[in-house]
Structure formats: C-alpha cells, structure tokens
Amino acid sequence: GDLYVHISILPHKLFQRKGSDVFSEQKIYLPQAVLGDEMDIQTIHGPVKMRIPAGTQSSKIFRLKNYGVSKLKGDGKGDHFVTLKIEIPEKISKKEEELYHQLANQR
C-alpha cells in the first residue's frame, strides 16, 4: 500500500521564512534611532553585528546578505531582513521628562 506522511512546521518565535529568505523584527530605543548604534542581531546562524545609522525611522528594513536559509541545489544562501521597530517608553522618570522637554524646546 501507499504510505502518506504529513509534516507540520510550527512557527518560530523570532523568525519567519519566505523561500530562502528569513525575516525578523528588532526593537530599538528612540536614542538608538536618533543617534545611531551598533547592535547584535540574532540570525539563524547566530548573532551578527549590524550598524544602525543615525536618523533611522521605525519600520526601516535592513538586509543581512547571505544570512538566510541555504538555497536548493547549493546556490548559496538567502538573505535575512530585519525590520526595526522603535520602542517608545510608556513611563519615564522626571529627569527623562525634563530632557525630552529640553529637546522639544530646541526644535
């Protein structure tokens, strides 16, 4: 007789996959977006340093070339796309509030 095998793949907490490409989101804080930063991004191959340029906007997508899944027939790897999400604090200290007011007055 015939043997039928059904495979179910559960979604990953950090990564989504489309073909050979991998997608993830990374939260950053407002000062990192404004001033720029360098941070470790988790990939399926382990952490990778990624530079965030000053003035980065929320939902900006960065490409980490060749950090995706191996392509069929050995034609290299896909890419890893990281979408940055700026995290705005819900509560801030009195000192932070003063600093934000000073910044607002500078604009």
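This is a predicted model: local features need pLDDT of at least 70, side-chain atom pairs count only at pLDDT 80 or more; totals for chains, interfaces and linings use all residues.
Residues are numbered from 1 along each chain as its sequence is written, and side-chain values use heavy atoms, without hydrogens and water.

**View 1. The largest pocket and its lining.** A pocket here is an open set of points on a 1 Å grid over the protein atoms alone, where a 1.4 Å probe fits, with protein on both sides within 12 Å along at least five of seven lines; lining residues have an atom within 4 Å of a point. Among the lining residues are Tyr29, Pro89, Ile92 and Tyr100. Helices α1 (30–35) and α2 (94–106) each supply at least two lining residues; helices are DSSP runs of H or I, at least four residues, and strands are runs of E, at least two.

**View 2. The second largest pocket.** Its volume, the space filled by probe spheres set on the points, is about 170 Å³. Look for Leu10, His12, Phe15 and Val69 among the residues that line this pocket.

**View 3. The two faces of strand β5 (residues 61–64).**

**View 4. Strand β5 beside strand β6 (residues 80–87).** The two strands pair in the antiparallel sense over four bridges, where pairing takes at least two DSSP bridges. Find isoleucine 61 and you will meet its bridge partner in β6, threonine 83.

Methods:
Buried means under 20% relative accessible area, exposed over 50%, partly exposed in between (1.4 Å probe, protein chains only).
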